[in-house]
Amino acid sequence: MKSISKEFFRNFSIITALAVLSAGVANAQNVIQFTKANLTPEQSIQLYWASNPSEVYEVDFATNLVADPNTGTVDWFTLYDGIPSQGTNTMVSDDGNYDIAPAILHPKYSPMRFYRVSPVAYVPSPTNPIVSIISPANNSSLSGVVTFQVSATTPEVMDEVDLYIDGEKQWSSIDDSNFVINTCEWPNGNHTIYATSKSESGLGGIPNGPTLTCGYGTTPYLNVSFNNLVSSFDLSEPLFQPALGQTQLVAAAFAANCNWTLQIQDVNSNAVKTVTGSGVSMSVNWDGTGTGETNIPDGVYSYYLSAATNGLPNPQITHTNPPPHGLPAPGAMEVQSYAVADGSESVVPLALYPPGIDTNGMTIFDATITEINSLTAIGSLFVAGVQAKYLPSGMASNQSTTGVGRKPRKGIKGTKGSFGICYKTYGTNGFSSPHPATGWPYPLPTAVAIDGQSRTAQTVDKTVPQFRYMANGFSEGMVGAGWFGKFIKADDQWNANDIKKTSLGGNSIFNTVNFGILMTHGSYGNSGTTGTEDDNVAYTYPWLGGNNFVRLSDMDFGSSGTNGLRWMTLIACNMLRADNYNSMFNAGKIPVNNDLHLLLGFSSIGYGASHIGRNYAFYLNRNDTIVTSFASALAAAYNESSKTVTNTVTIGVSGWGSCMSDTLLLYNDPDLTTVQYNQFTVFVPK
Amino acid sequence: MKTVLLFISVISLGFTSQADIVRLEGEPFKPSTNTEIIWAATNDLPKGLWIYKNMPEAFSWAVISNAMKIGRFTMKDCSKATNPMYNDKRLIYFSNTNEYGLSKYLYIAPSVGVIEYHSEHAFKAPIENVPTTEETEQLGRGVLFQLGIDKALLSEHVRNGYDETSSSLNVKTKQMSPAKTVVRGVSFARKIDGIDISANWSFLIHFRSNSTVEDYILVWRNLLPYESRSVLATNQILESIKSGLSVLPEQAADFTLLNKAKKITITKVEATYSYGDVGQVDFVYPYADIEMAVDFGDSNIETYYLKCPIILANVIK
């Protein structure tokens with residue numbers, strides 16, 4: 001499929017079409033090009049493009065269009081991928097991407113952002129998942145907390161069901177159906193809702209398995225309006241760390257002049273700080289202290305805001321710096337020249353049009369950015385909501401709400417810990433490689449017999465697209481529970497050197513986080529002399545693609561301190577196979593030091609399944625033990641797809657005796673006296 | 001693997017109902033017109049089968065009471081689930097600590113037909129009297145009885161071996177001790193209309209020392225007979241295969257060779273029900289699992305598996 005792309009860029013708060021880097025027409029279909037871009041009152045960038053049904057898109061961004069002097073090309077970064085076409089016009093909003101690590105920040109934090117969109121190549125399933133929004137109904141007027149019910153069905157394995165509000169992806173629903181939305185966290189007015197789903201034909205990593213296919217579904221747009229006395233209720237940070245001098249800005253707008261009270265509450269709903277005020281908006285910069293500036297523990301806090309109209313006239317809008325979500329940015333009152341083309345809703349600063357653009361057919365006028373916002377549908381409603389002299393008809397004169405749960409905000413002070421993930425999906429077609437070699441210089445190099453095969457066989461590594469969903473699902477679940485995603489490295493974003501121990505010249509990057517996950521193909525040295533290297537050790541090997549592997553013992557897991565690695569999970573076949581682990585242990589070659597609490601991994605052939613990551617994070621944050629969480633996540637995923645799992649699947653867990661019952665919140669220091677190796681059967685085939 | 005979605009409407013009644021979507025997962029398969037297809041299966045199929053609708057309220061209060069008793073919970077242990085796994089407005093949640101001071105919990109989700117119990121494993125607890133495989137199966141059946149499961153609805157294919165073994169690694173001698181079994185598990189699958197469902201298990205339970213229940217999960221929906229359908233005759237199943245309405249489920253075989261098949265002999269046909277995921281499927285449907293011997297004409301005969309519609313229907317792709 002030929003890639004077609006066009007670019008948009010953002011300059012502080014306004015976007016416009018700039019240039020076309022490459023363009024083409026595929027099979028007489030629509031030329032993929034941006035047709036519109038909106039700046040929302042929250043300074044998100046809504047991108048619209050002419051699209052083709054059944055296509056799936058990737059949206060990239062660049063911070064500038066200056067070619068990298070080393071590569072001669074512009075550095076584009078993936079913002080979102082796997083966006084199913086919504087027909088001949090598709091829309092998505094750039095609100096940053098906090099599902100990946102490090103996160104891509106919201107565009108309001110960037111002085112400039114350029115965009116391009118291109119179709120993604122995939123093998124389509126014969127049928128797509130059927131997705132629909134069951135409730136609320138189209139044109140509903142909504143207030144307070146609303147559950148959006150989505151129905152998604154597929155004969156395949158369902159990977160994702162997502163709900164979007166104005167093009168912004170919301171938190172996943174654990175049941176893929178019910179999405180709980182607090183409408184007070186958005187500006188009042190009209191909003192566009194849609195849902196998408198993705199399915200796959202089976203599990204990844206199946207030896208000699210068939211090609212995996214994908215299906216995508218999307219709903220038509222649902223138009224609803226949010227009508228609340230308290231609107232745009234928002235936090236400035238997903239989580240904040242007062243120890244680093246960070247503060248949390250809590251802000252909201254009201255539909256009329258109100259007396260308001262903000263209570264910051266702990267997990268037991270006890271108020272730790274109370275602030276009151278009046279006006280048409282509020283903002284409180286919380287430094288993480290309790291009443292009387294007392295120290296209070298890190299953890300999850302909620303923000304309870306109640307407001308009642310007071311009958312007073314509305315004052316002028318005031319600004320804070322930096323602006324909270326939903327409030328106009330600094331400079332909003334500055335007058336600039338703007339242009340709008342006939343028939344277009346995109347208002348663009350005149351100065352941003354490149355030289356040579358014919359502006360004769362455009363309407364050119366001077367205005368402030370606030371006035372510009374008022375010209376757009378969402379902007380006008382937002383501004384009207386703030387500036388209304390009288391309470392809109394039918395709206396209650398008081399309202400209370402607890403927030404803020406809109407993605408990616410979680411109201412957490414401090415972090416519970418950090419995690420990092422490295423994975424390989426092995427491209428579109430996978431690859432084959434010769435076995436690891438041993439015996440250089442003497443005896444002469446010989447291939448190690450692995451996976452029950454002969455020395456001369458090739459190992460075949462099938463593509464495993466599920467790893468990506470597993471990584472993202474795990475990340476979302478952990479971030480949602482207050483964990484900090486330090487890194488998620490996919491495919492060519494990492495190499496053997498990143499995971500090798502420092503004594504081998506590696507970076508040992510897993511030792512920089514509390515919880516690590518490595519997802520690759522894996523092999524084991526056979527029993528007997530043909531499966532050992534020249535040191536008589538039968539190793540296990542993660543495969544990194546393209547005839548590249550590391551020995552398990554090339555890594556060294558575990559580090560001390562607050563950010564030290566305590567728990568490591570190896571999602572790769574046979575990594576902790578009992579015979580091999582025994583062989584490596586006897587030779588002092590296990591990749592575990594005194595700081596690692598637990599090492600978990602497959603001790604048999606294992607399989608990639610999209611829901612494993614999400615479920616693993618869910619069980620972990622339900623405070624099940626880490627051992628139980630891993631076993632439960634696999635057992636649940638494989639029972640869903642039992643036909644495709646043909647072997648008994650076992651996992652191995654190695655760790656200090658005192659740590660075997662560790663949970664994320666309750667764990668013991670290594671006792672350094674007893675090490676256990678336990679093996680669990682998580683699936684027995686038919 | 002590709003998957004087809006078959007829409008089935010009843011010829012005899014002439015209407016299409018809510019239940020008329022049958023899902024068959026696999027690679028679409030249409031044999032070459034040069035391939036001879038022979039029916040040699042000798043087993044009988046039922047004359048008719050039901051399509052079932054998933055209903056709420058899967059568990060009686062007596063069952064809930066027994067679940068509490070198994071986990072040694074009282075009403076004082078009941079609280080609101082703060083992080084519910086199951087989307088069930090009637091979710092019941094109990095939590096407490098076990099004899100080792102570790103957590104235990106019980107979720108009962110009657111609307112989606114799930115009971116989940118877990119008592120955290122004490123890794124330092126003495127290992128004694130772990131039930132044998134045979135005892136584990138009997139103990140599992142006993143718990144199923146207490147949970148109100150009719151043993152007539154259980155598949156004969158019990159899956160043993162959901163076990164946990166433990167070894168000690170001696171840090172000084174670098175020796176690993178022989179593995180001891182510390183937990184044994186067993187799973188049971190459900191039958192519908194006397195036919196095994198396609199999911200691997202509907203009930204999975206583990207026991208530890210002294211036959212104490214460590215955990216279990218029961219997925220047992222309340223199924224309402226919704227529509228009865230006639231089962232296809234032998235020649236109709238053959239026609240369905242010839243016309244490309246069957247699929248090849250995932251299996252260790254090269255599908256591309258099938259185009260070269262000289263003769264396909266249907267050796268075995270079994271009816272089954274697809275159970276689906278919790279909360280994702282409104283109806284439960286029957287289909288045919290088919291085993292066939294494929295003759296490539298060079299003395300090479302391979303076994304392949306097919307899924308095929310089994311109820312009388314007009315199939316539209």
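This is a predicted model: local features need pLDDT of at least 70, side-chain atom pairs count only at pLDDT 80 or more; totals for chains, interfaces and linings use all residues.
Start with the chain as a whole. Chain B has 317 residues, and 40% of them count as buried. The secondary structure comes to 22 strands and three helices. Take the contacts in chain B between residues at least 6 apart in sequence: 67% of those join residues at least 24 apart.

Next, the domains. Chain B splits into two. Domain 1 is made of two segments, 3–53 and 233–316. Domain 2 covers 54–224. Where the two domains of chain B touch, 15 residues of domain 1 are in contact with 15 residues of domain 2. On the domain 1 side, three strands of chain B each supply at least two residues: β5 (48–55), β19 (263–274) and β20 (283–295). By class, that side of domain 1 has 10 nonpolar residues, three polar and two charged.

Now one residue, N160(B). Where is N160(B) found? The answer is strand β9 of chain B, which runs over residues 159–160. Is N160(B) buried, exposed or partly exposed? N160(B) has 17 other C-beta atoms within 10 Å, so it is partly exposed; buried would take 20 or more, and exposed 12 or fewer.

As for its partners, set aside the neighbours within four places in sequence. N160(B) is then in contact with T133(B), T136(B), E137(B) and V186(B). One distance to finish: V219(B) lies 59 residues away from N160(B) along the chain, and their C-alpha atoms are separated by 18 Å.

Technical notes:
Residues are numbered from 1 along each chain as its sequence is written. Chains are lettered from A and ligands numbered from 1 in the order in which they are written. Domain bounds come from an automatic or database domain assignment. Two residues are in contact if their C-beta atoms, placed from the backbone, lie within 7 Å. Helices (H or I, at least four residues) and strands (E, at least two) are DSSP runs, numbered from the N terminus. Ala, Val, Leu, Ile, Met, Phe, Trp, Tyr, Cys and Pro count as nonpolar, Asp, Glu, Lys and Arg as charged, and the others, Gly among them, as polar.
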